[in-house]
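Cover the residues in contact, the aromatic side chains and the accessibility of selected positions.

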Amino acid sequence: MEAVAFWVLAVAAVGSGIAVFAVDSMARATFALLASFLCTGAELLLIDLHYLGVLVVLMMIMEMLVMAVFMIMYMMNPGGLMPMTMTHNARGAFAISGAAFAALAAGIFAVPWPERAGRPPRDPTVALGESIMGPKMPVMMVIGVAILATMIATVVLATHRGRYDRDA
């Protein structure tokens, strides 16, 4: 069942990634890119990287929604009301992307893949954090909470009205 879900999500991620360049609107392209990232986040959840999967999903939802707002505000054709193309130099881009795909696909078969040396860690998120940050991981966790508190405080202090003076 997990293998079927993996392949369905993989095809959906690639399909929505292609749709980014096929749709007629920057807003639609933004939401197609969001769909691709959501499928990728679900793939991470499937391989038991829960923290990274949720992080990708939450970050990409917020990032793409902000991007969509700015696209609608500043683009000349946000809703696709006038025909437009999302690609420039289509032949050159196709040649470069085809060559890159062929090189990467050939690398899959040309590289000798190592055999698994041991068992997977009990908690892959902790193992990933320790391999990236080493002994500084607790410091980064505290800094992350401090950054979040700073963002919330900044938003609260930026509003000139308080909670109870909405009618004023």
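In this predicted model, helix α1 spans residues 2–22 and helix α2 spans residues 26–46. Their axes lie 8 Å apart, and the helices pack at an angle of about 160°. An angle over 145° counts as roughly antiparallel, so that is how α1 and α2 run relative to each other. Their crossing is left-handed.

Both helices supply residues to the contact. From α1 come Glu2, Ala5, Phe6, Leu9, Ala10, Ala12, Ala13, Ser16, Gly17, Ala19 and Val20. From α2 come Ala29, Ala32, Leu33, Ala35, Ser36, Cys39, Thr40, Ala42, Glu43 and Leu46. By class, the α1–α2 contact has 15 nonpolar, four polar and two charged residues.

Ser36 belongs to helix α2. Leaving aside neighbours within four places in sequence, Ser36 touches Ala13, Ser16 and Gly17.

The structure has one aromatic pair. Phe6 and Trp7 form it, with ring centres 5.3 Å apart. Their planes stand at 90°, so the pair is edge-to-face.

How accessible are these side chains? The table gives the values for Phe6, Trp7 and Ser36.

| Residue | Relative accessibility | Class |
|---|---|---|
| Phe6 | 35% | partly exposed |
| Trp7 | 56% | exposed |
| Ser36 | 13% | buried |

The cut-offs explain the classes: buried means under 20%, exposed means over 50%, and partly exposed lies in between. Ser36, at 13%, therefore counts as buried. Trp7, at 56%, is exposed. Phe6, at 35%, is partly exposed, and Phe6 is also one of the α1 residues in the contact with α2.

How values were computed: Residues are numbered from 1 along each chain as its sequence is written. This is a predicted model: local features need pLDDT of at least 70, side-chain atom pairs count only at pLDDT 80 or more; totals for chains, interfaces and linings use all residues. Side-chain values use heavy atoms; hydrogens and water are left out. Axes are lines fitted to C-alpha atoms, for helices over the stretch in contact, and angles run from 0 to 180 degrees between N-to-C directions. Helices (H or I, at least four residues) and strands (E, at least two) are DSSP runs, numbered from the N terminus. Angles under 35 degrees count as roughly parallel, over 145 as roughly antiparallel, 65 to 115 as roughly perpendicular and the rest as oblique. A crossing is left-handed if the near helix is turned anticlockwise from the far one by less than a right angle, and right-handed if clockwise. Contact means heavy atoms within 4.5 Å. Ala, Val, Leu, Ile, Met, Phe, Trp, Tyr, Cys and Pro count as nonpolar, Asp, Glu, Lys and Arg as charged, and the others, Gly among them, as polar. Rings of Phe, Tyr and Trp (its six-membered ring) pair if their centres lie within 6.5 Å; planes under 30 degrees apart count as stacked, over 60 as edge-to-face and the rest as tilted. Buried means under 20% relative accessible area, exposed over 50%, partly exposed in between (1.4 Å probe, protein chains only).
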